[in-house]
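Please look over the model below before reading the points. The note is meant for someone who has not seen this structure before.

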Amino acid sequence: MTDVPGLTSENAAVFGYGLVLSRSGADISAAVRARLAEHRTYRDRAEALWPDTAPAPVGYVAADDLPQNPVEMAIRLESDCCEGWRQQIGTATSEDQRRFCVESLTGAAVSLARWRELIPGTPFEVLPGFPRD
Amino acid sequence: MSALGQRSDALLYRLQASGRASWHYVGVTPVSPHGNPPPIGTAVSRRDFSRLVLATAGLVTVGISSGCTTPATEQVKDPLQALADSARADAAEFQLADPQASNNQNNSATLLATIAAVRAQHADRLDTEIARVGSGSGSGTTSPTTASSTPSVRPSLNEARNRLKESAQAASAVAVTQTGYRAQLAASISAACSAAAEVTLA
């Protein structure tokens, strides 16, 4: 069984964006749906690229510090995806896997920046996926 | 029987040195008609000769291969160096704010200054990693490129966007070929450049 933090974070994002969608108003629900579909695609492709992994959990328990605001929740999910794919590219063994890691990390970083645009004063992520200094 | 023996002896005597002949020291074991063959001093057998040839060839091969690879490894440039150079160039150009700009341009100057700070941090992280590995002489090569490529005009938003997209592609290509922390760093820089081009400067 290999360690796949990126795939784990995609599984969590697919679940989590359902929560985001349930709390989001009409202004962002279309964007949430689009991003949910993207995460599903990434999850399926990652499962094909890393076949020797555990199946997705059947459910999740929300963390104590999970924000209630849907935009902040989406920011949290994308940030987790950045972190997961950043870690996973370090242990990837083939060029195909690393190419996919870059693609999914980029997708998460772009979405992270989009969600942050909705909240004024949030910083730009200098190195997505790395812990901030 | 005896006739045959006689003839054979005579034949051997003809081949064998009847007087002083040096031609039997050529590796062919001389046959003496009477008893033991005489000792051969400097004769080299075929097997020994081939061993010697192989050993010499091996030495020459090692010499050639080491002679060829040693300068090659010295000249290989760290693939992160190109990323660091372009990050430094971006940081230098994007922060050139125009003091007599209209309100709209001021806004774009602020955006570019934000990205310039980001790119400067990218260059710092890359330089740290390059210096850690020690395969490139980092600061010595970056300063002249920065000095020569610094223009007097701040690039437009369009130019900046295109350059960030190119940087993202270059970093992505490096990330695919590297492993471990270097792949992580290049991938993260690629993602940051894409986000800056597609969201911040969009």
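This is a predicted model: local features need pLDDT of at least 70, side-chain atom pairs count only at pLDDT 80 or more; totals for chains, interfaces and linings use all residues.

1. Residues are numbered from 1 along each chain as its sequence is written, chains are lettered from A in the order written, and side-chain values use heavy atoms, without hydrogens or water.

2. Chain B brings 27 residues to the contact and chain A brings 22, contact meaning heavy atoms within 4.5 Å. About 2100 Å² is buried between them, 68% of it on carbon and sulfur atoms; buried area is the accessible area (1.4 Å probe) that two parts lose on being put together, summed over both. In chain B, the most area is lost to chain A by B:V176, B:Q184 and B:V199, together 29% of what that side buries.

3. How many salt bridges does the rule find across the interface of chain B and chain A? It finds zero, a salt bridge being a side-chain nitrogen of Lys or Arg within 4 Å of a carboxyl oxygen of Asp or Glu.

4. Helix α1 (residues 5-23) and helix α3 (residues 70-91) of chain A pack at about 170°, with axes 8 Å apart. Helices are DSSP runs of H or I, at least four residues, numbered from the N terminus; axes are lines fitted to C-alpha atoms over the stretch in contact, and angles run from 0 to 180 degrees between N-to-C directions. α1(A) and α3(A) are therefore roughly antiparallel, the word used for angles over 145 degrees. Residues making this contact include A:L7 and A:Y17 of α1(A), and A:M73 and A:W85 of α3(A).

5. Over all chains the count is 18 salt bridges. One of the pairs joins the side chains of A:R35 and A:E38, at 2.2 Å from N to O. Because they are three residues apart in helix α2 (residues 29-49) of chain A, A:R35 and A:E38 are separated by about one helical turn.

Methods
Helices (H or I, at least four residues) and strands (E, at least two) are DSSP runs, numbered from the N terminus. Angles under 35 degrees count as roughly parallel, over 145 as roughly antiparallel, 65 to 115 as roughly perpendicular and the rest as oblique.
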